[in-house]
Amino acid sequence: MASDTPESLMALCTDFCLRNLDGTLGYLLDKETLRLHPDIFLPSEICDRLVNEYVELVNAACNFKPHESFFSLFSDPRSTRLTRIHLREDLVQDQDLEAIRKQDLVELYLTNCEKLSAKSLQTLRSFSHTLVSLSLFGCTNIFYEEENPGGCEDECLVNPTCQVLVKDFTFEGFSRLRFLNLGRMIDWVPVESLLRPLNSLAALDLSGIQISDAAFLTQWKDSLVSLVLYNMDLSDDHIRVIVQLHKLRHLDISRDRLSSYYKFKLTREVLSLFVQKLGNLMSLDISGHMILENCSISKMEEESGQTSIEPSKSSIIPFRALKRPLQFLGLFENSLCRLTHIPAYKVSGDKNEEQVLNAIEAYTEHRPEITSRAINLLFDIARIERCNQLLRALKLVITALKCHKYDRNIQVTGSAALFYLTNSEYRSEQSVKLRRQVIQVVLNGMESYQEVTVQRNCCLTLCNFSIPEELEFQYRRVNELLLSILNPTRQDESIQRIAVHLCNALVCQVDNDHKEAVGKMGFVVTMLKLIQKKLLDKICDQVMEFSWSALWNITDETPDNCKMFLNFNGMKLFLDCLKEFPEKQELHRNMLGLLGNVAEVKELRPQLMTSQFISVFSNLLESKADGIEVSYNACGVLSHIMFDGPEAWGVCEPQRKEVEERMWAAIQSWDINSRRNINYRSFEPILRLLPQGISPVSQHWATWALYNLVSVYPDKYCPLLIKEGGMPLLKDIIKMATARQETKEMARKVIEHCSNFKEENMDTSR
């Protein structure tokens with residue numbers, strides 16, 4: 001099982017400081033610019049963590065707002081030291097790098113920072129004397145400058161049509177630079193002249209860049225240990241250059257097989273060259289390549305027995321010449337991954353769960369197009385088979401969803417995989433912390449990506465959790481998201497049905513403060529709009545029934561929500577639904593349960609005192625719908641109205657006496673052993689009807705309710721009745737002159753039941 005160890009003190013302090021910057025590390029100058037307190041001095045370990053966690057929060061936590069002048073906190077190296085920072089996406093702009101230009105950065109990773117322009121190239125020169133590792137992956141505009149400075153709108157940063165390519169920048173002076181990633185850079189950047197000043201490159205990533213002549217790479221044949229040429233259209237000339245790089249330990253010439261047509265095909269001869277010439281090779285990625293059949297032995301020839309990673313037994317013929325197994329071999333969407341004996345400790349592929357998880361792990365950060373297809377394979381494994389590495393799978397999917405929250409394919413496949421990875425079959429293996437991470441990433445997806453499939457997958461995944469308990473730590477946020485999904489203008493019925501179900505579950509069994517807060521978010525109004533839309537369409541489906549059920553739950557002991565229901569024409573919708581759907585028993589039960597909550601509020605009862613409403617409630621006393629539930633709830637509504645006394649009876653028809661008699665008749669017709677479709681959290685509204693003589697029938701209804709519940713569900717309701725002080729009130733009824741004899745008899749039976757329950761459950765151990 002995953003660990004539930006608490007976060008470290010460092011992590012908690014970092015998070016708190018970042019969420020309260022102007023109250024901890026800094027102060028606001030002119031109410032806008034953030035400045036570090038003059039008496040604060042922070043070492044690089046803390047500064048690096050603050051910056052990297054800040055980037056993570058901005059990209060992954062949708063409820064965290066970035067501060068425009070955050071990077072200015074680190075402008076002075078005398079009080080703050082930055083050495084290794086990783087910045088992502090549109091968060092980073094030219095002025096942010098400019099703010100930290102005095103820092104002695106050793107490692108700077110810029111990933112998909114499309115708002116960076118050629119101004120940042122000049123800032124990079126400030127780090128030239130210390131920088132060892134630099135990534136400009138996906139920073140597609142960093143080699144552009146404005147053609148007419150000052151005359152171009154901000155939008156041109158992401159629209160190169162009004163910009164010109166900078167061709168005179170080189171890495172001259174970057175004497176310590178060893179690791180460089182230029183992946184996904186635009187094709188016409190002059191890579192050769194750009195890199196020529198670098199004397200001792202150890203790692204180079206040119207993913208997605210098309211270079212016809214790669215001969216310049218040989219200038220680092222004695223230093224280059226890692227070369228990534230993902231999605232580069234290779235030729236025999238490229239291979240001749242690569243095999244001269246004799247120090248290579250990692251070579252990646254993989255491709256996305258769906259991106260374009262590649263003429264180049266890997267042959268037995270090419271693979272043999274790699275093995276012969278690159279004697280230090282530990283990691284090789286040839287994913288996505290078309291492999292000619294002569295590279296592997298036939299199934300008939302494969303040695304039987306246990307799978308082996310020994311090169312001598314390799315099913316891939318050229319790899320039999322390896323001196324030792326590779327640490328990693330990338331074979332995703334490559335036919336070789338399905339062979340039996342592969343000489344590598346770790347293989348990415350599509351043959352089994354292990355290979356698929358290796359693929360997700362290897363490609364998540366920089367290759368979402370590959371990752372989404374690998375996650376889709378994981379989805380099939382979790383759906384059809386059984387996931388044997390659940391915790392690893394969950395963590396990898398969570399990471400991918402965080403890393404690519406605006407990538408449709410990742411969000412669709414990732415949210416679908418989470419649904420199967422969090423179902424009840426796997427629940428015992430998941431810690432509270434891990435399940436909370438899933439919830440947060442699901443909510444991030446719902447917030448960031450307003451797409452039907454993603455929204456549906458996310459809602460379905462939330463249904464795998466105990467509601468409201470497991471969602472309470474994000475209670476407000478999840479309610480806001482669900483209410484936005486339930487906008488009646490949206491037509492997707494399946495999402496509406498799931499979202500209403502979730503809303504209903506979220507307001508059931510929570511305290512009144514939560515219910516009032518959700519009511520103020522627009523919960524009551526949203527449900528009424530859904531009901532109104534269904535009425536117009538003359539449809540009574542699960543959305544209609546769940547909406548009334550949700551209103552029943554959210555109005556329980558919350559007068560403000562009850563008032564909101566009345567103010568927004570709730571009673572008219574009640575009458576219209578009753579008329580339009582006379583045979584819908586579940587609907588009637590939910591509506592009457594809600595009106596019972598409204599009737600419990602003394603200030604609102606006068607609004608129920610109309611001839612039309614009283615007649616409807618009286619007629620429903622004789623309803624046999626859903627057992628006794630509709631009749632019982634109608635009687636409850638009338639009991640509270642009767643409790644206000646004859647002077648409050650403001651209608652001529654029907655007469656109070658007539659309604660009272662129908663209530664007595666209804667109560668006497670009910671089976672005291674009826675099993676109930678109801679859940680009381682408190683008896684307080686019922687108990688207030690006991691100590692009074694103004695309405696004996698109300699008193700009798702309340703006593704009957706208690707007798708039924710403690711008889712049928714003693715374990716649940718006897719302790720509740722005792723706890724809430726019901727026993728003395730029942731004893732008073734027995735002495736009360738105005739109480740009917742049958743009410744007194746019933747009160748005795750309730751007391752007897754609870755007394756017996758106390759004796760049976762008394763601890764007699766010594």
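Which residue stands opposite His250 in β12? Ser283 in β12 stands opposite His250.

## Basis of the report

This is a predicted model, in which local features need pLDDT of at least 70 and side-chain atom pairs count only at pLDDT 80 or more, while totals for chains, interfaces and linings use all residues. Residues are numbered from 1 along each chain as its sequence is written, and side-chain values use heavy atoms, with hydrogens and water left out.

## Overall build

The protein chain has 29 helices and 14 strands. Its radius of gyration is 35 Å, well over the 27 Å that the globule rule gives for 766 residues, so the chain is more spread out than a compact globule. The radius is taken over C-alpha atoms, and the rule is 2.2 Å times the number of residues to the power 0.38. Helices (H or I, at least four residues) and strands (E, at least two) are DSSP runs, numbered from the N terminus.

Along the principal axes, the C-alpha atoms fill a box of roughly 105 × 75 × 65 Å. Of the 766 residues, 55% are buried, where buried means under 20% relative accessible area (1.4 Å probe, protein chains only).

## Domains

An automatic or database domain assignment supplies the domain bounds. Domain 1 covers 24-147 + 162-170 + 181-196, domain 2 covers 202-297 + 307-351, and domain 3 covers 614-765. Between the C-alpha centres of domain 1 and domain 3 the distance is 70 Å.

## The sheet

An open sheet of 10 strands, with parallel pairing, has the order β3-β4-β5-β8-β9-β10-β11-β12-β13-β14. Because β3 and β14 (344-348) stand at the edges with a single partner strand each, one side of each is left without a neighbour in the sheet. From one strand to the next the twist averages 5°, with axes fitted as lines to C-alpha atoms and angles running from 0 to 180 degrees between N-to-C directions. Two strands count as paired if DSSP finds at least two bridges between them.

Five bridges link β3 (residues 84-88) to β4 (residues 107-111) in the parallel sense. The chain passes from β3 through helix α3 (residues 94-99) to β4 in a right-handed β-α-β crossover. Right-handed means that, with the strands pointing away from the viewer, the path from the first strand over the helix to the second runs clockwise. Arg88 stands opposite Thr111 in β4.

Strands β11 (residues 250-252) and β12 (residues 283-285) also run parallel, joined by three bridges.

## Helix α28

Helix α28 spans residues 726-735, and its buried residues include Gly726, Met727, Leu730 and Ile733. These four cover an arc of only 115° around the axis, which puts them on the same side of α28. The arc is that of the directions from the helix axis to the C-beta atoms.

Conventions: Buried means under 20% relative accessible area, exposed over 50%, partly exposed in between (1.4 Å probe, protein chains only).
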